[in-house]
Amino acid sequence: MEKKFASHADVEEKRISFDKLSDRAYAYTAEGDPNTGIVVGDDAVMVIDTQATPVMARDVIRRIREVTDKPIRYVVLSHYHAVRVLGASAYEPEQVIASRDTYDLIVERGEHDMRSEIERFPRLFRAVESVPGLTWPTMVFDKRLTLWLGSLQVELMQLGRGHTKGDTVVWLPQQKILVSGDLVEFGATPYAGDAYFQDWPATLDNLAALQPVALVPGRGDALTTLQLVRDGLAGTKAFISELYANVKAGAAAGKNLNAIYKDTHAALKPKYGQWVIYDHCMPFDVTRAYDLATQYPDPRIWTAERDIAMWKALEG
Ligand SMILES: [Zn+2]
């Protein structure tokens, strides 16, 4: 039977967890659906990635209100993807903060990305009619920004390209806690349709060099021990490296994208096929890797139309 487009067959709701990493940090996770990180300062709360819609974000706010009544002043966008940013308005933040590279991507492709992502994965956009439009940063930084939420130091850092060119991590140096966005996944397949495969492994080494004791990945459970942090970083790095090596070898051998896709899907399946959204991500990931290995240094814009054409070509 033909595979349904992207994640149209994925309709089962996930169980949500709200884990305390320290007195300053919490993780809102949902069995492989996009996560939200929460930082509690002396006088304000910061939310990292918002959920896909304001209605979904309200459940994050409900959880935050169970642990603190401090105002939610800051929303940080780890990158531009719709599924992470379109719920921002629900928090009524004073500032929406993003890297300049993320801002540039929103300008360039935010509208296309919003339409494409909503079409790909309807379950992840519950009450999509509550989205007021694109989420625009109110504060943009280059490479690094330091905030003090009272006595709590918070570092927003770009440590290299990977999942996108704008990837931002949030680091609490006093606590050694890291919120990674989609640079790190755990038990979930990394989406790499907008990725820089050649840079991603080194960027993960930069994250590891911080020596976090706990890490909130983009998808999957919060990593609350040194071993789990190591596993999350290593697993993501292995997947990205192996996928790109496979695709590069196929392209060098003169194979076409369709053949490379089938080879790579089969080659990685024994090791990674049990990760959530494997079948969803692989066509996008292999297409981007093939583009990078052949003629496109930067990711081409995904539109709703291009998504369908690609899916038909590889899965139809
Ligand atoms: Zn993403």
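## Aromatic pairs and cluster

Phe 5, Tyr 191, Phe 284, Trp 302 and Trp 311 form one aromatic cluster, where rings of Phe, Tyr and Trp (its six-membered ring) pair if their centres lie within 6.5 Å, and planes under 30 degrees apart count as stacked, over 60 as edge-to-face and the rest as tilted. This is a predicted model, in which local features need pLDDT of at least 70 and side-chain atom pairs count only at pLDDT 80 or more, while totals for chains, interfaces and linings use all residues. Residues are numbered from 1 along each chain as its sequence is written, and side-chain values use heavy atoms, with hydrogens and water left out.

By the ring-centre rule the count comes to 10 aromatic pairs. The rings of Phe 18 and Tyr 26 have centres 5.3 Å apart and planes at 10°, so this pair is stacked; Phe 18 and Tyr 26 are both buried, meaning under 20% relative accessible area, with exposed being over 50% and partly exposed in between (1.4 Å probe, protein chains only). Phe 197 and Tyr 244 are also stacked, because their ring centres lie 5.3 Å apart and their planes meet at 20°. That pair links distant parts of the chain, 47 residues apart, with Phe 197 in the loop between strand 11 and helix 4 (200–209) and Tyr 244 in helix 5 (residues 226–252); helices (H or I, at least four residues) and strands (E, at least two) are DSSP runs, numbered from the N terminus. Phe 197 is buried at a relative accessible area of 2%, and Tyr 244 counts as buried at 11%.

## Zinc site

The protein donors of the zinc ion, at 2.1 to 2.4 Å from it, are His 79 (NE2), His 81 (ND1), His 163 (NE2) and Asp 182 (OD); donors are N, O and S atoms within 2.8 Å of the metal (3.2 Å for Na, K and Ca), and since water is not among the atoms, sites may look incomplete.

In sequence the donor residues are spaced H-x1-H-x81-H-x18-D. His 79 lies in the loop between strand 5 (72–76) and helix 2 (82–85) and Asp 182 in strand 11 (residues 177–185), so the pair ties together parts that are 103 residues apart in sequence. His 79 and Asp 182 are both buried.
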